[in-house]
Amino acid sequence: MLAVAICTMVLSLNTGTIWLSPITIVQTLFGFGDADAAMVLFDYRLPRILVCALAGIGLAVSGSILQGISRNSLADPGILGLHAGASCGLIVFITFFRSLEDPLALFIPLFTFAGGTIAALLIFLLAYNRQTGLQPVRMILVGIAVTAGFSAISLFFSLRLDEDTYSFTSRWLVGSVWGRDWENVYALFPWVTIFTCYSLWRARILDAFSLGDERAIGIGVALQRERLWLLLSAVALSSASVAMVGGVGFIGLVAPHLAKRLVGSTAKYQIPVAALIGLIILAAADMIGRTLFLPNSIPAGVIVAAVGAPYFLFLLVKAKS
């Protein structure tokens, strides 16, 4: 899977409006390429691909955590409303503070994290039952309601933007990664690194959640505290990723499922494989979207949704049967 991820990123570096051969890419990466190749690689493609890679990892790990703590195989940051909350936080940032292209964009994840946290708290409070814990069906229903509410707030604030900013924001909301640069990489990297490492560190706790609340408590798990910290980690990963690539859905749903089919449900194996699958999906979607329909480009979120939506319906039918 790591080899597939590396090949996907290298192929993405090759393709585009200007084609670069693998040899040219290697030479340019080590400082032996010409000025034009260096500009294309370092100013445009490499930061964009790294943002896709980091965001794909963040969304996939977030989905793995949510499915683990809720014991709900259909849990996903987008379906549960975390993306809508994070998007609302970003719209608030754009409306009252700065644009996405400002140096203060490094602080955008803080606003999206605040929005995602509020959405998570609403979901937890409305879906939690003291007797039965987090109910899967109620979580999805509450997530739909939370998504609708935050989407309405985002639309209200969007109407206050000027035409150019609104157009850019609309493209961003559907999952466009056009125009991402090194500042976005620097802003996203610490969030994904820290909280992915934390989820791996608490992998055995995620395995304990699969036993049920009573058994998890019986083997010494501080249930509410661990669930809260893991939930905040999922929100942080999802919100930071949404801040940089927009509302890309279904990666948090599809990647954990494919990982479970490959290595089983043990969290310490499933989380790293899901992260690599998320990286591959988003990097491949971005590559397809910007090369298949040249000179036009399609947002990566549209490509992911085209693949993820049928898979989600398949999971619903399978769960019903």
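**Entry 1: the largest pocket**

I started with what lines the largest pocket: its residues split into 7 nonpolar, 5 polar and 6 charged. I'm working from a predicted model here, so I keep that in mind throughout. Next I looked up the volume of this largest pocket, and it comes out at about 460 Å³. I then asked which residues sit closest to its centre. Out of 18 lining residues, those are T17, Y44, R48, W178 and R290. Which element gives the largest share of the lining? I found that helix α3, residues 35-70, does, with 5 residues.

**Entry 2: the second largest pocket**

I moved on to the second largest pocket, which holds about 350 Å³ of space. I counted on a list of lining residues and got 19 of them, with G78, H83, T147, L173 and G247 nearest the centre. Where do the lining residues come from? The elements that each give two or more are α4 (82-96), α6 (136-158) and α14 (300-320). I noted that α6 has the largest share, 5 residues. As for the kinds of residue in this second lining, I wrote down 9 nonpolar, 9 polar and 1 charged.

**Entry 3: aromatic rings**

I then went through the rings. How many aromatic pairs does the whole structure have? The search turned up 6. I picked out F93 and F111, an edge-to-face pair with 4.9 Å from centre to centre and 65° between the planes.

F111 is at 25% relative accessibility, so I put it down as partly exposed. The cut-off I needed for this is that buried means under 20%.

I also came across a cluster: F113, W191 and F195 are linked by ring pairs.

How values were computed
Residues numbered from 1 in each chain as written. Predicted model: local features only at pLDDT ≥ 70, side-chain atom pairs only at ≥ 80, totals over all residues. Heavy atoms only, no water. 1 Å grid on protein atoms, 1.4 Å probe; cavity = no way out; pocket = protein on both sides within 12 Å on 5 of 7 lines; lining within 4 Å. Points joined across faces, edges and corners; volume = space filled by probe spheres on them. Helix = DSSP H or I, 4+ residues; strand = E, 2+ residues; numbered from the N terminus. Nonpolar A, V, L, I, M, F, W, Y, C, P; charged D, E, K, R; others polar. Phe/Tyr/Trp six-rings, centres within 6.5 Å; stacked < 30°, edge-to-face > 60°. Buried < 20%, exposed > 50% of the residue type's maximum accessible area, 1.4 Å probe, protein only.
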